[in-house]
Amino acid sequence: MDELPRVEMWTDGACKGNPGVGGWGAWMRSGGHERELWGGEAATTNNRMELTAVIEGLRALTKPCDVTLHVDSTYVMNGVTKWVHGWKRNGWLTGDKKPVKNKELWQELDAEVARHTIHWVWVKGHAGDPGNERADALANRGVDDVRAGAVGSGASALPGA
């Protein structure tokens with residue numbers, strides 16, 4: 001059996017006002033290659049942007065990978081590693097029988113996670129982790145793009161990638 005490609009990924013979401021203008025960012029590296037992804041929405045929440053960052057980062061991988069995924073959102077990490085199983089079992093209702101917030105994003109994330117082997121790593125946000133700081137800068141770039149009237153998302157391969 002072939003070994004899966006290894007990818008390290010950092011993701012982050014940002015929101016200026018909650019709700020408000022939001023952005024998401026993902027920075028990934030594999031071997032000697034790096035990639036940046038970012039985007040935003042005019043009216044959103046921080047939790048939606050945190051989820052979108054992870055979804056878009058995983059979606060950008062064209063084949064199954066062994067991913068070490070660094071997030072600063074306990075909402076995303078707990079949701080995907082603990083809560084989602086119960087939500088699915090309960091027809092996408094919470095323990096107190098209320099609809100799961102951001103259900104469509106959780107469903108997208110669940111589908112993306114199923115494609116890969118994921119090792120979840122929680123990092124404290126804004127605490128000097130270089131990958132988290134870079135993902136945060138990309139999320140803020142997404143906010144800036146929305147404020148400047150840009151539509152959609154962006155991606156770049158870095159020099160030498």
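In which loop does Pro-19 lie? Pro-19 lies in the loop between E1 and E2 (strands, E, at least two residues, and helices, H or I, at least four, are DSSP runs numbered from the N terminus). The peptide bond from Asn-18 to Pro-19 is cis, with omega near 15°. The model is predicted: local features need pLDDT of at least 70, side-chain atom pairs count only at pLDDT 80 or more, and totals for chains, interfaces and linings use all residues. Residues are numbered from 1 along each chain as its sequence is written, and side-chain values use heavy atoms, without hydrogens and water.

Helices H2 (74–89) and H3 (103–114) pack at an angle of about 95°, with axes 11 Å apart (axes are lines fitted to C-alpha atoms, for helices over the stretch in contact; angles run from 0 to 180 degrees between N-to-C directions). The two helices, H2 and H3, are therefore roughly perpendicular (65 to 115 degrees). Contacts (heavy atoms within 4.5 Å) join H2 residues including Tyr-75, Val-80 and Trp-87 to Trp-106, Leu-109, Asp-110 and Val-113 in H3. The residues of this contact divide into eight nonpolar, one polar and two charged (nonpolar: Ala, Val, Leu, Ile, Met, Phe, Trp, Tyr, Cys and Pro; charged: Asp, Glu, Lys and Arg; polar: the others, Gly among them).

Two loop residues other than glycine have positive phi values. Phi is near 65° in Asn-102, in the loop between H2 and H3. Asn-102 counts as buried because its relative accessibility is 15% (buried is under 20% relative accessible area, exposed over 50%, partly exposed in between; 1.4 Å probe, protein chains only). Phi is near 55° in His-126, in the loop between E5 and helix H4 (130–147). At 58% relative accessibility, His-126 counts as exposed.

Conventions: Parallel < 35°, antiparallel > 145°, perpendicular 65-115°, else oblique.
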